[in-house]
Amino acid sequence: MSKYLLVSFKTCPWVQRAAIVLREKKVDFEFRHIEPDNRPDWFLAISPHKKVPVLRVDDTISLFESNAIAEYLDETITPRLHPEDPVMRAINRAWTDYIPTFAESVTGCAYSDSEADYTKAIAKIPVAFDRLEKALEKQGAGPLFNGAKYSLVDAGYAAFLQRYYFLDRIRPLGQIEKYPRLKAWAETLMARPSTHSFPAGEFEAMYRLNVKRRNKWLSQFVADTAVAAE
Ligand SMILES: N[C@@H](CCC(=O)N[C@@H](CS)C(=O)NCC(=O)O)C(=O)O
């Protein structure tokens, strides 16, 4: 078995995606958290876009981009998370391609400068949720995207569904309740140990602190006392 080092910012959802795939495959890996404001030279030398995640394999190969990392891990380590059937695999890949748009639609409101921008941003959530609800309806009975078997689609969406819940607890969004399949899927993913790189409460506190420090319109709804206690 190769040696794996996953370079990370603690709250990065794209890192979380790679970590989830490693955990689903029961692979031992070293998690190395670096600070976004103080990226070391060794990291800048192996990360072309200066972004995390980077997966270092056997101290020699450096892979970047969470989707490329997930696909690499799936090609090299069993169990295969992609479906065997080429049509199903193409459908799965089509839905992992949608993750960046989904992510922006669901978490964009955390970066809005004004209430008007926030209102505009949250209007994107139902559009993205509706697309996934319909995809899940086509896929079948759940509880996971492909049914009983975990997939790279599950690994890719988990972090962003988790952030929806975090944002909903900062300022109620009340959206996911309108999409029963999506809600059931999200709850399945939240209950799955592989989703979590840190204890759930500790991680949510870290996320809230990020939102507070970002100093955007939403930041005012993260209580100072809560941040102090974190
Ligand atoms: N498309 C990339 C996105 C990675 C990404 O945006 N990572 C963020 C942290 S969550 C980052 O490193 N940002 C630093 C920067 O943009 O300079 C992937 O899927 O890996």
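User: Let's start with Asp 59. Where is Asp 59 found?
Analyst: Asp 59 is found in the loop between strand S3 and strand S4, with S4 covering 61-64. Keep in mind that this is a predicted model.

User: What is phi of Asp 59 near?
Analyst: Phi of Asp 59 is near 60 degrees. That is a positive value in a residue other than glycine.

User: Okay, on to the prolines. Is the peptide bond from Val 52 to Pro 53 cis or trans?
Analyst: The bond joining Val 52 to Pro 53 is cis, and its omega is near 0 degrees. Pro 53 is in the loop between helix H2 (41-44) and strand S3 (54-57).

User: And what about the bond from Thr 78 to Pro 79, cis or trans?
Analyst: The Thr 78 to Pro 79 bond is cis too, with omega near -5 degrees. Pro 79 lies in the loop between H3 and H4.

User: Now the ligand. Which residues are around the ligand?
Analyst: Around the ligand you will find Phe 9, Cys 12, Pro 13, Trp 14, Arg 39, Lys 51, Val 52, Pro 53, Glu 65 and Ser 66. Val 52 and Pro 53, the pair with the cis peptide bond, are both among them.

User: How does that shell divide into nonpolar, polar and charged?
Analyst: The shell has six nonpolar residues, one polar residue and three charged residues.

User: Which atom of the ligand is 2.9 Å from a polar backbone atom of Val 52?
Analyst: A nitrogen atom of the ligand is at that distance from the Val 52 backbone atom. Side chains take part as well: an N or O atom in the side chain of Arg 39 is 2.9 Å from an oxygen atom of the ligand. For Ser 66, a polar side-chain atom lies 2.6 Å from a ligand oxygen atom.

User: How much of the ligand's accessible area does the protein cover?
Analyst: The protein covers 71% of the 510 Å² that the ligand has on its own.

User: Where does the ligand sit?
Analyst: The ligand sits in the largest pocket, and about 1,200 Å³ of space lies in that pocket. Of the 39 residues lining the largest pocket, Phe 9, Thr 11, Cys 12, Pro 13 and Val 52 are the closest to its centre.

User: Which helix gives the largest share of that lining?
Analyst: H10 does, with six residues. Helices H1 (13-24), H3 (66-76), H4 (86-97), H5 (99-107), H8 (152-170) and H10 (200-214) each supply at least two residues of the lining.

User: And the lining of the largest pocket by class, what does it have?
Analyst: The pocket lining has 16 nonpolar, 10 polar and 13 charged residues.

User: Last topic: how many cavities of 30 Å³ or more does a search of the whole structure find?
Analyst: The search finds one. The largest cavity has a volume of about 40 Å³.

User: Which residues line the largest cavity?
Analyst: The largest cavity is lined by Ser 8, Phe 9, Lys 10, Cys 12, Val 15, Gln 16, Phe 31, Ser 197, Phe 198 and Phe 203. By class, the cavity lining has six nonpolar, three polar and one charged residues. Phe 9 and Cys 12, which line this cavity, are also among the residues around the ligand.

Terms used. Residues are numbered from 1 along each chain as its sequence is written. This is a predicted model: local features need pLDDT of at least 70, side-chain atom pairs count only at pLDDT 80 or more; totals for chains, interfaces and linings use all residues. Side-chain values use heavy atoms; hydrogens and water are left out. A residue is near a molecule or strand if one of its heavy atoms lies within 4 Å of it. A polar contact is a pair of N or O atoms within 3.5 Å; within protein, one must be able to donate a hydrogen and the other to accept it, and residues adjacent in sequence count only if both atoms are side-chain atoms. Accessible areas come from the Shrake-Rupley method with a 1.4 Å probe; for residues, only the protein chains shown count as cover. On a 1 Å grid over the protein atoms alone, a cavity is a set of points where a 1.4 Å probe fits but cannot get out, and a pocket is an open set with protein on both sides within 12 Å along at least five of seven lines; lining residues have an atom within 4 Å of a point. A molecule sits in a cavity or pocket if more than half of its atoms lie within 2 Å of its grid points. Ala, Val, Leu, Ile, Met, Phe, Trp, Tyr, Cys and Pro count as nonpolar, Asp, Glu, Lys and Arg as charged, and the others, Gly among them, as polar. Grid points are joined across faces, edges and corners, and a volume is the space filled by probe spheres set on the points. Helices (H or I, at least four residues) and strands (E, at least two) are DSSP runs, numbered from the N terminus.
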